[in-house]
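My entries follow in the order in which I made them.

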Amino acid sequence: MKLVILGCGRVGATLAQLLIAENHDVTIIDQNGDAFSRLGQDFPQEKTVIGDGTDEDVLRRAGLPSADAFVAVTNGDNRNILASQIAQHTFGVPKVMCRIYDPIRQETYNAMGLDSICPTIVGAKLFRDALLNPVTRQTSPTHSLAQGTSVPLTRMDPSRAGSN
Amino acid sequence: MYILIGGGGQVGYYLAKGLLQQGHEVLLLEKDGRRVRQLTEELGPVVFKGDACEARVLAEVGCDRADLVIAVTGEDEDNLVICQVAKARFHVNRTVARVNNPRNDDLFSKLGIDVTVSPTRSIQHIIEAEIPHHNLVPLMTLTKAGLSLVELTIPPDSPAAGRELRTMNLPSSANVALVVRGGENITPSGDTIVQPEDRIFALVTEAGEAALRQTILGEEE
């Protein structure tokens, strides 16, 4: 899959590395060239683009016209929202996703057809689960997520706890 | 009208001031506390401290009964979200957004913003008007109608000079609305004779503009 990621912060860089490990074609954009050092020495420089991800020309340079997916994970909700809508409406990228920290904003844009992940809600729920359900901690799928192991694609079977 | 303005910078301030003088109910939303105090001192209790792109804030200021929401912060992305949230969650009738990057003009219209105002584009047009060889200057784009209001100055060597408007066979997509000659406003009709130095104001589509350029400026197709 050919993907373009906007924002080389911790999430953007980690996402890029995860995708590359599975042999996807990833280009990453950031306004600050120093951010690319998070990617490590092996990341090809020609796959990094310095620029403003809400600028059509920058997105074009990063390969949006032929991208299968676009992900906006800068630390600004509104910047992510604008860039994502440019990806959807100007470039017609098939799969567009972004991070939106504000739960109400996420709800509004979900209803308008923009897929997003809200770390605020995800994080709060993880904590809630960890605090309130100590008995099922070992077997909870969210426990796995919180500890950074890979996300299970199927429901975990409690009897197989510990084998992941 | 009840008008909400997002962004308490210079534009927001002068806008609020002018609208208040016209007797409208205005609320100016601004994030920064110090600026809010400054604005309140100058304008009175018509300023609210809050981020206009947060639905929570818009709900608190009664966005659902606003007739008009105007987003004039310094960032296009913020202006976009203010207007989109106002429309999608609060069903505000009319939204206006300031757009700094001219490229975002069309996109914002596509995304449902009713009116976009681009200072960059306006200034570009003014500069074009100052440059002598620019005979045709776009003054205003009516995006929804697909029309532009343009101003043409008839050059001395124009193929149209000395001819009646009706002989030019201009399409209806090139609607000549006004002729200004030496300070005099002339409502054009078929027998109006076009003279060099005349300023013509026309409402045109893209095709209409091309027809005008060909007929009046002698430009090749």
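I took helices (H or I, at least four residues) and strands (E, at least two) as DSSP runs, numbered from the N terminus. On that basis I listed seven helices and 11 strands for chain B. I then looked up the radius of gyration, which is taken over C-alpha atoms, and the globule rule, which is 2.2 Å times the number of residues to the power 0.38. Chain B has a radius of gyration of 22 Å, well over the 17 Å that the rule gives for 221 residues, so chain B is more spread out than a compact globule. Along the principal axes, the C-alpha atoms of chain B fill a box of roughly 60 × 30 × 25 Å.

Conventions. This is a predicted model, where local features need pLDDT of at least 70 and side-chain atom pairs count only at pLDDT 80 or more, while totals for chains, interfaces and linings use all residues. Residues are numbered from 1 along each chain as its sequence is written, and chains are lettered from A and ligands numbered from 1 in the order in which they are written.

Domains. I used bounds that come from an automatic or database domain assignment. Chain B is divided into domain 1 (2–117) and domain 2 (122–217). Over C-alpha atoms, the centres of these two domains of chain B are separated by 36 Å.

Confidence. I read pLDDT as the predictor's confidence in each residue, from 0 to 100. Chain A has a mean pLDDT of 87, and 81% of its residues reach 70 or more. In chain A the pLDDT is below 50 over residues 150–157, a stretch with six contacts in the model beyond near neighbours in sequence. I counted two residues as in contact if their C-beta atoms, placed from the backbone, lie within 7 Å.

Interface. I found 16 residues of chain A in contact with 16 residues of chain B. On the chain A side, the largest share, seven residues, comes from α3(A). That side divides into six nonpolar, six polar and four charged residues. Here Ala, Val, Leu, Ile, Met, Phe, Trp, Tyr, Cys and Pro count as nonpolar, Asp, Glu, Lys and Arg as charged, and the others, Gly among them, as polar.

Cores. I called a residue buried if 20 or more other C-beta atoms lie within 10 Å of its own, exposed if 12 or fewer, and partly exposed in between, with C-beta atoms placed from the backbone. A nonpolar core is a set of buried Ala, Val, Leu, Ile, Met, Phe, Trp, Tyr and Cys residues joined through C-beta atoms within 7 Å. The largest nonpolar core has 65 residues, and Ile5(A), Phe70(A) and Ile82(B) are among those that touch the most other members. Helix α4 (residues 76–90) of chain B gives the largest share of this core, six residues.

Single residues. I placed Ala97(B) in strand β5 (residues 94–98) of chain B. Ala97(B) counts as buried because it has 29 C-beta neighbours inside 10 Å. Not counting residues up to four places away in sequence, Ala97(B) touches residues including Ala71(B), Leu80(B) and Phe108(B).

I found His91(B) in the loop between α4 and β5 of chain B. Its phi is near 55°, a positive value in a residue other than glycine. His91(B) counts as exposed, with 10 C-beta neighbours inside 10 Å.
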